[in-house]
Amino acid sequence: MSCSVRSSCGNISDIGYPFWGLDRPESCGYPGFKLSCSESELEITISSATYRVLAINKESQTLHVSRTDYSENLCPTHLINSTFERETSPFQQNGDSQDIRLYYGCQPLTAPQNLTSILGISNQFDCTINNTNIVGYYVTREFAGTVTGNFLRSCSNSVIIPVPNSQVPSLEEGRDPDDLEEAAKIGFQLWWSADDTRCNNCVNKGGQCGRNLVSGGFECYCSDGDVCSPEPSVLGKPQARDLGIGCH
C-alpha cells in the first residue's frame, strides 16, 4: 500500500498528510480530512457542509475553501451552517473572514417598515427552495435587541457562511445579494491542527505520518523502525512501526 498520491482533481496535485481520500488510504490521513472529487473539483466536507478546496498550504497548515452550495446562488436546497467548533473540529477560521448570516422565510420589507436603510442589512432576495417561494436577507452585523433584530427573528430559518473580511465593506455599501454570491465564491481560509508535534517529529526522523485504524492513534510509518520513531517508548526503544508503506 502506498500513500503517495498526485491528484488529477482540480488544480491541486500533491496531497499529503493529514488528507486522505481519492486514491489515498484512510490510514494515511486524519479524521475529518477526507477529500473527494466532484465534476473535476476537489471537495471536503466539514460538519455536514461541503466546500470546494481552492488551495492547500502545508507550510502554514491552511486550507482555502468556498461553500459548494453557494457557488451558483443564495438558495441551496438544504440550509447548513458553516461551523468550526474549537473543542471538536480540527479546523478553525484564521481571522481573515467574517461570518455573514442569511435569513430565509422572512416577510417583505415595505414602507414605512423599510429597514434596509439601516447599515448592515441587505436588499431583499427571492428564493424557491423545495418548491416554496421565500424572501431572504443577509446581515453583516448583530441586531439583537433592535427593531431590525425583532423583525429578523420572525424569519423561519437562518444560515451562517464566512466571507473574506475584504468583501464586507462592499456587501454593506451595495446591499446587493449578487455581491454576496461573488464573495462566497472567493472563499476563505481555515487553519488546521492534526497531531502536529508527533507528525513533525516523525517526518524529521525520516518517517511518514498516518493513523492506526484499529486504535485511532497516530502512527509513524517507516521502512526501518529504528530510524523514524516519533518519540521514545517508556523502555527507550523505538515505537515506529515497520509496515513498509509510504504515506507521503
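How many disulfides does a search of the whole structure find? The search finds 4 disulfides, a disulfide being a pair of cysteine sulfur atoms within 2.5 Å. This is a predicted model, where local features need pLDDT of at least 70, side-chain atom pairs count only at pLDDT 80 or more, and totals for chains, interfaces and linings use all residues. Residues are numbered from 1 along each chain as its sequence is written, and side-chain values use heavy atoms, with hydrogens and water left out.

Start with C75 and C127. Their sulfurs sit 1.8 Å apart. The pair links distant parts of the chain, 52 residues apart. C75 is in the loop between β7 (62-67) and β8 (91-93), while C127 is in strand β10 (residues 125-129). Helices (H or I, at least four residues) and strands (E, at least two) are DSSP runs, numbered from the N terminus. The S-S torsion of C75 and C127 is about -75°, so this disulfide is left-handed. Both cysteines are buried; buried means under 20% relative accessible area, exposed over 50%, partly exposed in between (1.4 Å probe, protein chains only).

Now move to helix α4 (residues 196-204), which holds C199. A disulfide joins C199 to C209, S to S 2.0 Å. C209 lies in strand β14 (residues 208-211), so the link ties together parts 10 residues apart in sequence. The torsion here is about 105°, so the disulfide of C199 and C209 is right-handed. C199 is buried at 11% relative accessible area, and C209 is buried at 3%.

Helix α4 also holds C202. C202 is joined to C220, S to S 2.1 Å. With 85° about the S-S bond, this link is right-handed. C220 lies in strand β15 (residues 218-222), so parts 18 residues apart in sequence are tied together. Both C202 and C220 are buried.
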